[in-house]
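Please read it alongside the sequence and the structure shown here.

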Amino acid sequence: MKNGFTFFLGLFLAVALAWAGIVMGSHVQLGQLAPYFDENEGKAFPERMPGIAAQGQLVYQDLGCAACHTQQVRRPDFGSDKARGWGDRQSVARDYVSQAHVQLGESRVGPDLATFGARPLAVDATRLTQYLYEPHGGMPAYRFLFEERKITGERSADALKAAAPAGYEIIPTHRAVSLVAYLQSLNNVYEYPEARPVEPAAAKEGESK
Amino acid sequence: MTTAPQAANTAEVTEIDTSARWPLLLLLGSALLWLVLSGILALVNLMQLHTPEFLAGCSAMTYGRSSAIQETAFIYGWAANSGLAVALWLLARLGGAPLRSLNWVVAGTLFWNFALVLGIAGIATGDMTSNAWLHLPGYVLPMLLVAYGTIAVPGVLAWMGRRKEMTFAAQWYAVAALFLFPWLFSIAQMMLVFAPERGVLQALVAGWFVQGAWTLWLAPLALAAAYYLVPKVTGRIIPSYDFAQLSFWTLLFVGAWTGGRHLIGGPVPAWVATIAVVSCALLLFHYIVVAVNLRGAFCGGGSTVLKFVAFGLVAYVVGGFLDAYTAMRGVAVHTQFTHFSEGQSQLALNGAFSMLMYGAIYFLAPRITGLAWPSVPMIRAHYAAALTGTVILVVTLIGAGCVQGHDLNTATIPFADIAGHVRPWLLAATAGQAILLLGNLLLATHLFWLAAAKAATPAVFNPAPTMEASVS
């Protein structure tokens, strides 16, 4: 420890090696991962999300939804993700290649959302918008994503069927609309070659994707 | 400590301490304000977990944002400010010369805290980046980096210009923390915020950064305090000191590799998780050496400083073993994504880091001000509150995690019922957090009282124990 240079070199190596190993190592492996082109369907997966959904992803990010929701399905024999209907296959790296900001999440206070777009609640945009306005057990209402507006002339087509003071209506803001579009776009269900569930006997060999 | 005046020992306080008084008090004062703020928000968060409608109408206080603000205030507010103050002070003491360029510390602290206020306002109003431990918006990150550098300058000068060729474990840890954080922080900024990596690589960078910020920055800061205080207060040399160096390098070289343990079963290469599991096991060597080296903390003979340190060390070592245990796949499948992980991080942050910092603050504040702590009962009350609060918080969160993990993995239990099963545990955790907050309010009040005191009670220190290898 007497030699300052060796000491600092050691410190530098400590941070550099872990970075090179974990970050650059996986970068080499996954950095070039491209969408998978399905010739039968004539398009590539994962599909790019529509512009409004990309805006919704920013809303999801700035509200910190990932504090309670994960977006990663674990393989069928690891936890009960499949049994809970969160996804038939495990999530793989390719699912996320087209997302600007990946939010895997670390807490499941709320359910996993990786395949949320395929669930009954998400299929109907009106119902999902209404859902965000009302509290549901563990999830609070997000009323600040809505606007209470005086009805002038006809009622707006977007107005919620929620109780509003007489002469007023509840309208989702653009943030609410884009968040709903984003949630509907979450749909990691396409079966990539590397994502096909392995048979239990073969599963013992490893977990490589 | 100043609680048992026997013989005035003027040599205990030198120019090294008094010259750094105001810069260090500025760092500590800001640290404690952030600690109280983050404590209040932690209370709000726990209440939101068991009563989701609490403050739900306020967009700045929605759970996602308030928990991010809480974490940011704790790490960049409390931990950074207090850790830097303690590291600078002990580098000066062990280097044997007063800190130089203290104006840099003052300027850096002001800028650091200003940037942090700005960043937290950004999170509250919709600029959050949603990266664990790096929720701050991009526009304050470069300012934080520069401010950190300026605060650290006197520490580096104290190391380079030290009067003794020989160095101590406390110095290694302090210098490592000062030197490594800017690397971690700047790489994480680049790869997550300014030029984000592609796809799941973001999650890998985030995992590496969070683990690195703990094992290469916060844990070394806390250990620097422990390695200084234990021999200093007990007056005994560190047993098995030869291993300390090996343990230090083990933490540095193996620590950051354990980042993948949160990604077990996730959409990342399986080898990342496997390396994390192996590294967690390797790191046990470090925890064992720390326990052996610093076991003197448990025979402190009534020293309040050592009581805090002893608790912090227990939390640190237990936390290390718990990390290794929960990194195993068979266990992770139950604990992952639950309050169990939150309990583990509270054990590390509130249990290990904060407790060691409290001990260091009680030791250094009278020395830099030259004044005795105004109230001994307040110190005792803080210790009691910090101890019970942390134990309740950690145990109940872990309990909640076990229930939640079991329920999540039992598909026949409807998802909506889980919140109800976990609720009693979270109510108890809220009580724990409230007690902890009360204790931290006591410490903050006490420090401001001490700083405002006008030489009313000059500090009288216990005679410094003589040591074979002591430079200050």
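## Fold of chain B

Helices (H or I, at least four residues) and strands (E, at least two) are DSSP runs, numbered from the N terminus. On that definition chain B has 15 helices and zero strands. Its radius of gyration, taken over C-alpha atoms, is 22 Å, close to the 23 Å that the globule rule (2.2 Å times the number of residues to the power 0.38) gives for 472 residues, so chain B is as compact as a globular protein of that length. Along the principal axes, the C-alpha atoms of chain B fill a box of roughly 70 × 45 × 40 Å.

This is a predicted model, in which local features need pLDDT of at least 70 and side-chain atom pairs count only at pLDDT 80 or more, while totals for chains, interfaces and linings use all residues. Residues are numbered from 1 along each chain as its sequence is written, and chains are lettered from A and ligands numbered from 1 in the order in which they are written.

## Burial and contacts

A residue is buried if 20 or more other C-beta atoms lie within 10 Å of its own, exposed if 12 or fewer, and partly exposed in between, with C-beta atoms placed from the backbone; 60% of the 472 residues of chain B count as buried. Two residues are in contact if their C-beta atoms, likewise placed from the backbone, lie within 7 Å. Among contacts in chain B between residues at least 6 apart in sequence, 84% join residues at least 24 apart.

## The side that touches chain A

The contact takes 65 residues from chain B and 63 residues from chain A. Of the helices of chain B, α7 supplies the largest share of the side that touches chain A, eight residues. By class, this side of chain B has 39 nonpolar, 21 polar and five charged residues, where Ala, Val, Leu, Ile, Met, Phe, Trp, Tyr, Cys and Pro count as nonpolar, Asp, Glu, Lys and Arg as charged, and the others, Gly among them, as polar.

B:Gly212 is found in helix α7 (residues 201-234) of chain B, and it counts as buried because it has 28 C-beta neighbours inside 10 Å. Not counting residues up to four places away in sequence, B:Gly212 touches A:Val15 and A:Ala18 as well as B:Leu184, B:Ala256 and B:Gly259.

## Nonpolar core

A nonpolar core is a set of buried Ala, Val, Leu, Ile, Met, Phe, Trp, Tyr and Cys residues joined through C-beta atoms within 7 Å. The largest such core has 224 residues, and those with the most contacts inside it include B:Tyr173 and B:Ala224. Helix α7(B) gives the largest share of this core, 25 residues. Leaving aside neighbours within four places in sequence, B:Tyr173 is in contact with B:Pro220, B:Leu223, B:Ala224, B:Tyr227 and B:Phe248.
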